[in-house]
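Colleague: I have a structure open and would like to go through it with you. Could you take my questions one at a time?

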Amino acid sequence: MKRFVGILPFVITLFLIYILNNPQQMGSTSLPKLGYFLSPYTGFMQNGESRPDFTFPSELTEQFKAPVHVYFDDRLVPHIYAENDEDAFRAQGYIQAHLRMWQMDMTTRAAGGQLAEVMGARLIDRDKNQRRLGLLYAAEKTEETWKQDPAQYALLQAFADGVNGYIATLNERTVPLEYKLVGHWPKSWSVLQCALYVKTMAQRLNAREDDLQATNTIHWLGVRQFAEIFPEINPLDKPVIPSEVTWDFTPIQPNPMTLPDSILGGLPSPVHPASPGFDGSNNWAVSGAKSTTSAPILCNDPHLGLTLPSIWFEISLHTPTINAHGVALPGTPGIVIGFNQKTAWGVTNVGQDVADWYRIRWTDATKTHYLMDGDTLAVFYRREEIAVKSGEPIVDSVKWTKIGPIVYEDAGNAHVDLAYRWISLDSDGNELKTFMQLDRSGNYQDYREALKSFCAPAQNFVFATNQGDIGLTVNGHFPVKSPEVGRFVFPAEEAQYRWNNTIPFEQLPTVHNPDQGYVASANQRSTDETYPYYYNGSFEDYRGRTINNYLDSPEKFSVDDMKRFQLSSYSQFAADALPILLSPMDESMEGSKELETLQMWDYHFEADAVAPIYFTLWWRHLYQLVWDEFTAKSKEEPIIFPENFLTIQWLKERPDDPFMDVKSTKEIETAPDLIRKSWLETVAELDSLDAKNWGEFAPLNINHLANIPAFSRQHIAANGHATALNATNGPASHGPSWRMIVQLGSTPNAIGVYPGGQDGNPASAYYDQMVDSWVSGNYYPLLLVDQDYWQSHPALFTITTEK
């Protein structure tokens, strides 16, 4: 016994040494090496707030061709001054990695299906889906396309060299905190990761489709009723391109198609990551004739997922060919949205459907050959090996057809195999070249030239110059297809259902200096019905009307007016719907304080208001009553639901339609009945509601990328609504990810803000320092200054390649 007692401390010590120096598994959660993580020498305390060391390492300094100087302003925005573009992008790569390495790494891993290597086996299925969707393969093909322009590729390689210059400096003490949490290390950066960054944005913004759900829905409703409930055009919409534009070209003819009387149903739920319906944006530009300074003003606020670190990184680049300020995507070089001395540019998402599903018809049960246009074609296999943390690699052989990869096999009640046709898998664009050319642009012709190399995600590119030009182009690669193609799942073997060509650049919708004196986009339809090409997609119905109504005013606008527009919480949706809801309320319901509040409401979703709560709940209950048949059907299989604009239209114009009758009741209801019934349901819910105002009811959450609450900003009371220009969407964590206003002139006057900070380190004072300003509607000056400026304005930090 004495021997046992004597050896017990030694056994306990060995046990603790093992536990503290090996990662542990608790259910599906992997814990880091606790000894390493808690150590005062290598652990999380080493990532506490301290003065960053931005010094260029000697190995990287040797790669610069000429002196480089970087000045960080009081918001930690780097202003890079270099004697050539290659050195500027090398410095950009080093600095962005220094401040955003974890974000850059995880974003590209998520796109390429490489998260299981870091996070473990629970992410194998997600990685397999990404590989089957073809993201990694498409990025590899994109890199090969980029290599065809050696000068451009050299700039991308310089950026990658800068990132690797930072990675080479890391040790157990300095590696970013999140790597310590997961027990991993950043891998060497390559140009392929830049391509993956482009593909992840394409997937988020340009992979929206509801083909499977729409196919189930038309199978259930029938062709006639589907067309009635799901019209492709909102009659109240005002398109991106004004109707004054005419189309002076001969369009390419698509394959003629006849919609069959019956379409296959029983299709499965989508397996790929769903694109959030909230992602969108606003941009507009007014001519000098509508500006108080007689020079154009350009505005842009892209609406994306709000995260910490932010999706954007603010930067200023200065070389003999570039003199620009704006925001970059952390994993890519150049400036995506910004301005220079002569021009300004911005983007919003187009929303056209460029991703389609096709049912494959095999020749036999081996599923190695398929039919197309009467021919028998063989699939080719791509081997996908997925590394797994603390496990054996997973190998998946993905079948590829001429259309694209087979993502679904024997899926759904229909037991179908489905191939994925997506414009971003073609990979013949050079999106980063577009932005680099815009960074250098000096006039409208430069803008048009820059857009030619852009493929996806399709964007509405707004542009303005200090020479007085304004313009907007619906830009990207768009399929040439017949009406209805792309809305449903069709058989791959018949040419009439496929698309093979894309619309030529010269025939894309564009407008230059329109008579109305402004251009604007807010994710609404691209054109009116005179445009000779068919397209379908997901389009916003309200923000576009709001900004057009504002800009149609005969008054001239200032920068302060533009701030007011960007921050507007006015909802055209509420303005359309609420009068219809209030009209049938009878005397027994009059006099309630809630109704009186709604009757006085100005349709603004302000954080301290209560009317937005009443309206939101009322509409939610009413919508569920009107479309109760759809709710019941959705429990059987995935379907699509009618849009709000059609619901409003039917409440007003078709109050006795059979869909107004609730199937679970004996009575035959009409629209007024449902409105009154839904109001009673709303009042009942209000009695149990704790939220005192809109900010408490729909708080905004800006979460850390790994959803770590301690690293997040949550429960933010913010003005706005998805249908307002200030399109915050709490608690869904979406909203204006970057607000920018540029007044052109002999010297640009620009302001901007984003809800985050420059530094990705949660302990840094620059991690989230702009969130409160963003919520309050404040902006910061965006500096575009010569290097001499810093002699009289001390920088926060300064680094240089010179000794």
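Colleague: Which residues is threonine 527 in contact with, leaving aside its neighbours within four places in sequence?

Modeller: This is a predicted model. In the model, threonine 527 is in contact with Pro239, Ile241, Trp247, Pro509 and Tyr535, once neighbours within four places in sequence are left aside.

Colleague: Where is threonine 527 found?

Modeller: Threonine 527 is found in the loop between strand 23 and helix 15.

Colleague: Is threonine 527 buried or exposed?

Modeller: Threonine 527 has 3% relative accessibility, so this residue counts as buried. The cut-off for buried is under 20%.

Colleague: Let us follow helix 17, then. At roughly what angle do the axes of helix 17 and helix 21 cross?

Modeller: The axes of helix 17 (residues 572-582) and helix 21 (residues 644-653) cross at roughly 25° and come within 10 Å. Angles under 35 degrees count as roughly parallel, so helix 17 is roughly parallel to helix 21. The crossing of these two helices is left-handed.

Colleague: Which residues meet there, in helix 17 and helix 21?

Modeller: From helix 17 come Phe573, Asp576, Ala577 and Ile580, and they meet Asn644, Ile648, Leu651 and Lys652 in helix 21. By class, the residues of this contact divide into 5 nonpolar, 1 polar and 2 charged.

Colleague: Changing topic: how many residues has the largest nonpolar core?

Modeller: The largest nonpolar core has 239 residues, and those with the most contacts inside it are Trp422, Phe615 and Trp619. Helix 4 (residues 85-112) gives the most to this core, with 13 residues.

Colleague: What is phenylalanine 615 in contact with, apart from its neighbours within four places in sequence?

Modeller: With those neighbours left aside, phenylalanine 615 is in contact with Phe573, Ala574, Ala577, Leu578, Leu581, Leu598, Trp601 and Phe605. Among these, Phe573 and Ala577 also belong to the contact of helix 17 with helix 21.

Colleague: Back to helix 4. At what angle do helix 4 and helix 8 pack?

Modeller: Helix 4 and helix 8 (residues 150-167) pack at an angle of about 45°, with their axes 7 Å apart. Helix 4 is therefore oblique to helix 8. The crossing of this pair is right-handed. By class, their contact has 12 nonpolar, 6 polar and 4 charged residues.

Colleague: Why do you give both an angle and a distance?

Modeller: Two packed helices are described by the angle between their axes and the distance between the axes.

Colleague: Now the backbone. Which residues does a cis peptide bond join, with omega about -5°?

Modeller: That bond joins leucine 308 and proline 309. Proline 309 lies in the loop between strand 7 (307-308) and strand 8 (313-318). A cis peptide bond also joins alanine 456 and proline 457, with omega about 5°. Proline 457 is found in the loop between helix 14 (444-451) and strand 19 (459-465).

Colleague: And serine 294, what is its phi?

Modeller: Phi of serine 294 is near 65°, which is a positive value in a residue other than glycine. Serine 294 is found in the loop between strand 5 and strand 6. At 56% relative accessibility, serine 294 counts as exposed.

Colleague: Where does aspartate 373 lie?

Modeller: Aspartate 373 lies in the loop between strand 13 (369-372) and strand 14 (375-378). Its phi is near 55°, again a positive value in a residue other than glycine. At 43% relative accessibility, aspartate 373 counts as partly exposed.

Colleague: One last item: how many residues of helix 13 are buried?

Modeller: In helix 13 (residues 431-440), 7 of its 10 residues are buried, and the helix is mostly covered. The buried residues are Glu431, Leu432, Thr434, Phe435, Met436, Leu438 and Asp439.

Technical notes. Residues numbered from 1 in each chain as written. Predicted model: local features only at pLDDT ≥ 70, side-chain atom pairs only at ≥ 80, totals over all residues. Heavy atoms only, no water. Axes fitted to C-alpha atoms, helices over the stretch in contact; angles between N-to-C directions. Helix = DSSP H or I, 4+ residues; strand = E, 2+ residues; numbered from the N terminus. Parallel < 35°, antiparallel > 145°, perpendicular 65-115°, else oblique. Left-handed = near helix turned anticlockwise from the far one by under 90°. Contact = heavy atoms within 4.5 Å. Nonpolar A, V, L, I, M, F, W, Y, C, P; charged D, E, K, R; others polar. Core = buried A, V, L, I, M, F, W, Y, C linked by side-chain atoms within 4.5 Å. Buried < 20%, exposed > 50% of the residue type's maximum accessible area, 1.4 Å probe, protein only.
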